[in-house]
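These notes are meant for someone opening the structure for the first time.

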Amino acid sequence: MKKKSIVYPSILAVALSGVLAGCGGGESGGSDDNTLTVWAMGEEGKLLNEMTAGYEEAHPDVNVKVQAIPWESAYDKLLTAVASGNGPDVLQLGTTWVAEFADAGALLDLSEHIEEYPEFDPENYFDGAQTSMKYDDQIVGIPWYVETRTMYYRTDLLEEVGYSEPPANWDELKDAASKLSESGEDVYGLDIDLNDQITPFIFAWQNGFEFDAENPNFTSPEFKGALEYYTSYFKEGISTTSEGIDIVQAFKDGQKPMFFSGPWMINILNDQAPDLEGKWAVAPMPAQESNVSSIGGANFSVFHNSEKVDEALDFISYMNEVDTQLEWMEKSNTLPSRLEAWEDPKLADDEMYSVFGEQLENTKGAPPIKEWEKIAQELLATIERINIGGADLDEELEKFNEKADSLIE
Amino acid sequence: MLNQLLKGTVRNRHPFIFIAPALIILILFSLIPIMIAFVISFTDMDLKGLADWSNISFIGLQNYTTLLADTVFHKALFNTFFYVVIGVPLVIIFSLSIALLLNYGKTLIFTVFRAVYFMPAITNIIAVAVVWGFLYNTQYGLFNYVLSLADIDKVLWLEEPVMAKLSLIILAVWKGIGINMIIFLAALQGIPNSYYEAAKIDGAKRWQILFFITLPLLRYAIFFVTVTTLIGWLQFFEEPFIMTQGGPLDGTVSMALFIYQRGFQFSEFGYAAAGSFVLFIVIIIVTLLQFKLKKSDAEY
Amino acid sequence: MSSGKSKNNTERWIATILLIIGGIIVSLPFIWMISSSFKPENEILQIPPTLIAENPTFQNYIDLFTNLNFGVYLRNTLIIVALSFVGLFFNAMAGYGFAKYHFKGKEKVFYLVLATMMIPGQVTMIPVYLLLNEMGLINTMAGIVLPGLAAAFSIFLFRMFMATIPTDLIEAARLDGAGEFYIFFRLIIPISKPIFAVQGILTFIAAWNSFLWPLIIANDESLYTLSVGLSLLKGQYANNFALQMAGAAFMVIPIIIIFSFFQKYIVEGFTTSGLK
């Protein structure tokens with residue numbers, strides 16, 4: 001009996017380690033000589049798998065392995081990769097994350113390779129997208145697909161308040177939105193997403209604001225004017241601070257007949273509000289000094305310790321050929337980053353996409369500094385204090401400016 | 001002689017053999033990492049430091065002093081306290097009462113209801129967010145609709161700091177009942193029927209049986225549920241994370257959400273680790289207090 | 001006598017009615033989740049939400065299975081479930097060790113165990129990853145399962161429950177010459193059926209939904225679980241709710257089966273083991 005007492009756990013331990021080892025199986029790390037590992041996010045990661053065949057045909061000695069990573073945990077996964085150096089060769093990175101990971105040294109500087117590949121020439125890409133390619137004086141990424149914000153509006157409802165053309169500037173936007181708001185109970189002429197980080201900056205840019213990392217100038221008249229305009233929508237009840245109903249349904253019901261969003265909304269509206277067809281359209285941003293919008297999307301980067309830099313660059317180059325980009329657009333419904341791709345009739349002649357193409361000509365990217373996320377969050381908190389807490393705009397901007405100044409060092 | 005000695009040690013080793021497998025895993029994958037995190041809390045580690053440890057520098061207690069001056073952290077502390085004081089008793093009372101009700105019968109309907117009350121624990125979190133988002137919607141929500149039938153004004157469920165906290169508590173109580181309920185049910189099974197029968201023969205009334213037999217015999221389970229629920233609620237995270245992201249005006253930020261935002265949104269790992277240790281110390285104090293109070297009662 | 005019986009009956013009715021009202025409130029989101037999985041995308045966010053789909057469709061489920069690398073994900077998930085039951089067993093052993101033995105420093109060790117519950121998991125994620133990396137367990141099933149094998153909550157629950165088992169019973173078995181492990185397997189485990197059932201349910205749910213470690217440890221998709229696979233269907237901006245609800249509904253079915261299977265032990269429990 002006594003003997004048994006030690007025997008049990010040892011058997012168990014042996015059995016367990018056997019099971020575990022058996023399940024481990026297979027290669028470790030995918031470091032085979034000819035495997036190129038690519039990390040891509042969410043749905044795009046799954047679709048990218050279908051795109052690699054073309055590349056592999058041209059490069060029979062390379063085997064591309066795409067690992068799809070859910071968006072919600074991509075950051076966790078990237079952290080462990082940065083900490084351990086167990087990263088992929090090629091990495092899809094949202095443009096807002098570029099600065100932070102470049103600052104940490106996780107992304108390979110591509111400057112010396114840029115001239116070997118005609119596809120990588122910054123001139124190939126939208127001005128706004130070029131911002132995200134650089135960090136300090138390094139080239140850390142190549143734009144893969146882009147997105148920008150435009151205005152979605154109900155053509156029929158705007159017609160009713162006298163706008164047969166979409167509002168083209170701030171005054172018209174305000175006027176149209178107030179008239180729409182008055183047209184019925186629970187109608188909010190313009191919907192502004194209070195959780196969206198970039199919207200306040202879009203207004204500021206349109207008002208002539210230029211961000212200066214050396215000396216944050218959030219108390220400048222341009223920035224202040226933009227925020228006064230932005231918050232006036234809430235003060236006057238044209239926009240609502242409460243969650244309300246889902247934007248698609250509100251758009252359908254006419255309760256929120258105008259809002260800003262990106263290209264993904266086209267499909268959502270087509271799928272979720274099919275009966276609305278013909279009653280809505282997209283238009284470029286209304287202008288103040290200009291009608292700048294934001295540009296985002298995703299880049300391809302090479303992980304800092306990749307041993308297959310050449311293959312990685314070949315792969316990125318292939319993915320960014322105009323034809324591949326067009327094929328990718330059809331598959332994923334994302335917008336190509338290459339200027340040339342926009343000459344294709346599939347984009348140029350599409351009444352929705354062509355608006356995005358037009359808007360993309362006039363965009364700015366989030367400033368490539370690693371503190372950006374913190375500054376943007378701080379601004380949202382500031383706006384919340386003004387909108388909901390009833391705080392004074394001047395004072396809050398003063399505080400925000402100091403805070404931003406202390407964040408950037 | 002040697003044999004004797006060996007036998008002796010083997011016998012004394014029994015508890016260790018029982019405990020060892022779990023303990024080794026806990027030491028390796030929890031305690032050591034906690035100690036590493038503790039060290040990190042004295043550094044300025046960020047993403048750069050994570051990539052290359054030579055970028056990390058020790059900054060002493062600076063993270064902790066910054067934390068004490070951080071107004072958002074103050075709010076997080078207060079909110080967490082608010083959640084715990086109101087939420088924990090509610091969870092215990094509700095899950096215990098439901099378990100007692102369910103224990104009434106063994107017919108099919110009671111079996112079904114055991115599963116029904118467990119459902120919130122297994123409902124997908126996105127479904128929870130969507131449905132509760134609808135229930136709490138100020139203009140179109142079901143709750144406000146029902147209130148409007150009784151001529152009560154619209155309630156700003158998630159848009160006013162105190163109300164938003166209460167709304168999240170309701171949601172969390174709803175979610176937390178299931179697991180505690182089955183623990184209570186399992187414990188109720190441990191009470192031999194003969195106790196009830198004896199009490200009935202003695203002419204005891206229902207409430208007497210409840211207060212003098214059932215509840216005292218459930219004290220282990222109640223203690224367990226109290227301790228683990230308190231620990232869980234001090235780490236209150238998911239509800240504000242999915243429903244409010246800490247807003248309005250930081251009115252629903254909990255300590256755990258604060259730590260998550262600093263660590264995983266802003267990559268201030270050193271600062272987040274310091275926040276975790278303040279939370280850790282709070283939890284330890286609360287838990288030790290409970291054990292001390294329990295000690296005077298009985299061996300558990 | 002008859003008046004006592006009718007009183008008993010009224011009480012039972014009150015209990016039943018209370019349970020039904022509470023049950024409806026409690027299960028609404030769950031019902032919505034199930035019914036939404038049969039709705040087309042344009043119906044899903046309708047206000048007020050419909051409890052029964054107006055235009056029911058199976059399309060979401062068809063999409064789900066065509067989009068998911070189902071076989072591989074299911075296999076991995078089942079392996080994790082099986083292995084975590086080994087962990088359940090470790091926890092039971094540890095709970096018993098703490099409950100029924102006396103040794104030096106027991107309480108201190110136990111506090112240490114409890115302390116592991118008190119730190120949010122995100123704080124220790126990177127250290128754990130680096131440790132597993134040192135151990136060469138990256139991209140292995142062992143690396144996925146090991147960190148979650150022991151759980152303080154579970155050890156604590158086993159301890160609490162096993163402490164209520166009369167020590168006389170164990171002493172009597174010892175006098176009969178039973179070994180310590182014999183006692184554990186033949187006496188303690190059968191008596192502890194209700195708590196094993198509770199823990200079985202909880203362990204199953206945790207393992208079945210395991211998400212973060214399979215994702216972080218895996219270097220390719222061959223180690224992904226069902227949860228990871230489902231979350232791949234989520235977009236950065238756009239969410240396909242109907243598809244996600246189909247996924248969630250599908251994930252819940254095995255849990256309900258396991259629950260109904262185990263809950264009869266929660267109900268039977270001690271009463272049949274003859275323990276007084």
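1. Chain B is divided into domain 1 (16–60) and domain 2 (71–295), with bounds taken from an automatic or database domain assignment. The C-alpha centres of domain 1 of chain B and domain 2 of chain B lie 30 Å apart. Across the boundary, 10 residues of domain 1 of chain B are in contact with eight residues of domain 2 of chain B; two residues are in contact if their C-beta atoms, placed from the backbone, lie within 7 Å. On the domain 1 side, α1 (2–40) and α2 (47–51) of chain B are the elements that give two or more residues, and α1(B) gives the most, three residues. By class, this side of domain 1 has six nonpolar, two polar and two charged residues. Here Ala, Val, Leu, Ile, Met, Phe, Trp, Tyr, Cys and Pro count as nonpolar, Asp, Glu, Lys and Arg as charged, and the others, Gly among them, as polar.

2. A word on the basis of these points: this is a predicted model, in which local features need pLDDT of at least 70 and side-chain atom pairs count only at pLDDT 80 or more, while totals for chains, interfaces and linings use all residues. Residues are numbered from 1 along each chain as its sequence is written, and chains are lettered from A and ligands numbered from 1 in the order in which they are written.

3. Chain A has 18 helices and 12 strands. These are DSSP runs numbered from the N terminus, helices being H or I of at least four residues and strands E of at least two. Buried residues make up 47% of the 409 residues in chain A. A residue is buried if 20 or more other C-beta atoms lie within 10 Å of its own, exposed if 12 or fewer, and partly exposed in between, with C-beta atoms placed from the backbone. The C-alpha trace of chain A spans about 85 × 60 × 50 Å along its principal axes.

4. Strand β7 (residues 150–154) of chain A is largely enclosed by the rest of the structure, because four of its five residues are buried. Four bridges join β7(A) to the antiparallel strand β8 (residues 258–261) of chain A, and four bridges join β7(A) to strand β9 (residues 280–283) of chain A, also running antiparallel. Two strands pair if DSSP finds at least two bridges between them. A:Met151 has A:Phe260 as its bridge partner in β8(A) and stands opposite A:Ala283 in β9(A).

5. The largest nonpolar core has 287 residues. Such a core is a set of buried Ala, Val, Leu, Ile, Met, Phe, Trp, Tyr and Cys residues joined through C-beta atoms within 7 Å. Among the residues with the most contacts inside this core are A:Val82, A:Phe101 and B:Phe184. Helix α8 (residues 161–189) of chain B provides the largest share of the core, 17 residues. Not counting residues up to four places away in sequence, A:Val82 touches A:Ala104, A:Ala106, B:Leu47, B:Leu50 and B:Ala51.

6. Chain C touches both of the chains discussed above. Its contact with chain B joins 78 residues of chain C to 73 residues of chain B. The largest share of the chain C side, 14 residues, comes from α1(C), and that side divides into 60 nonpolar, 15 polar and three charged residues. The contact with chain A takes 39 residues from chain C and 43 residues from chain A. On the chain C side of this contact, α6(C) supplies the largest share, five residues, and the classes are 23 nonpolar, 11 polar and five charged.
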